[in-house]
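Dear colleague,

I am handing over the structure below, and after it you will find what was found in it. Please read the notes alongside the model.

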Amino acid sequence: MNAIDVVELTRSLVDIESTSGNEGQVARWFAGWLRERGFAVDEQPVEDDRLNLHVTIGDAAPDVVLSTHLDCVPPFFPSRIDNNRLYGRGSCDAKGIAAAQVGALEQLREAGEARVGALFVVGEERGSHGARAANRTPPGSRFLINGEPTDSQLALATKGAYRVKLRASGRAAHSAYPEQGESAIDKLLDALMALRAIPLPSHPVLGPTTCTIALIEGGVAPNVVPPHASAEATFRIVGPKEEVRAAIEPLSRWVELEDVVVVPAVELTTVPGFDTTVCSFTTDIPFLEAWGQPLLFGPGSILVAHTSEEHVEIDELRAAPAHYAGIAKHLLTQ
């Protein structure tokens, strides 16, 4: 059987549109491709036609599992190669990683190693639905090597995410007589100005908690005192979300606070021989805790993921299977 060409496989995956919620086609194609290569593939339904893929070598339950996601953010754009870079939606986040992990499985299989497997999930970009489903049926693995673009460095830790909705209520009135109403937007602005001045927790490894005010809406018409307004703030947390919630509780003077999303920060395992980094983004790792002790590694830069210039350096992509195989080999000796 011919060796796996990770660039060709990445392009095949990239060219199948699979924004979150629409992963059925790419998962079915990938399952067929893997079976043709002689891998065992267990298809795990998630919802509608969306499915996770659990890949193994032979019948042995894996000790080490390589994992990443098959969904992408919109908008879709197909693959192309330019200046030794592979462009396309998902090229680095995370279809190139999926291809590299399959390349690692092939290398390990050729070396006679069957104690490794892979897990390819859906929905990472929108709620980690695939990871949550997979966590209900773990194979008993001891280690999980999750794949996200880390510039081919092992992550020491990842920040978490805590998204909060700030909702202000007022009373409508004609804008010519603002004293007859109560502006929800004024209340929201007061809360947001206070939020920007609140000291937030810090961590010796992960650094400071950061806050992005990402969404604002409010009002009904230009000539009406606004009766409602809201905003969503996303905190990249470095410890328990309760620390941030306590810090922002004084904002309830102006607004109602509602928790929307909580993803905890995670400290990770590393192995010798790799540079290390700290990641501010979140992953599926907190929702795959039953799959083993977590590591995080992948080719490509998070700084180009989710952009119109998403790409991965071809040399880095081609080197990634050996890196994944090397990490797995070290873990198997533990």
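Six strands form an open sheet in the order E1-E2-E6-E3-E7-E17, with mixed pairing, where helices (H or I, at least four residues) and strands (E, at least two) are DSSP runs numbered from the N terminus, and two strands pair if DSSP finds at least two bridges between them. This is a predicted model, in which local features need pLDDT of at least 70 and side-chain atom pairs count only at pLDDT 80 or more, while totals for chains, interfaces and linings use all residues. Residues are numbered from 1 along each chain as its sequence is written, and side-chain values use heavy atoms, with hydrogens and water left out.

The edge strands, each pairing on one side only, are E1 (40-47) and E17 (293-296). From one strand to the next the twist averages 20°, with axes being lines fitted to C-alpha atoms, for helices over the stretch in contact, and angles running from 0 to 180 degrees between N-to-C directions. Strand E7 (residues 143-146) runs parallel to E17 and is joined to E17 by four bridges; Asn146 has Leu296 in E17 as its bridge partner.

Helix H2 (residues 24-36) lies across E1, E2 (50-56) and E6 (116-121), and runs at about 20° to E2.

Thr269, in the loop between E15 (266-267) and E16 (276-279), is buried (under 20% relative accessible area, 1.4 Å probe, protein chains only), at 16%. Leaving aside neighbours within four places in sequence, Thr269 is in contact (heavy atoms within 4.5 Å) with Ala155, Gln293, Pro294 and Leu295.

Best regards

Note on methods
Buried < 20%, exposed > 50% of the residue type's maximum accessible area, 1.4 Å probe, protein only.
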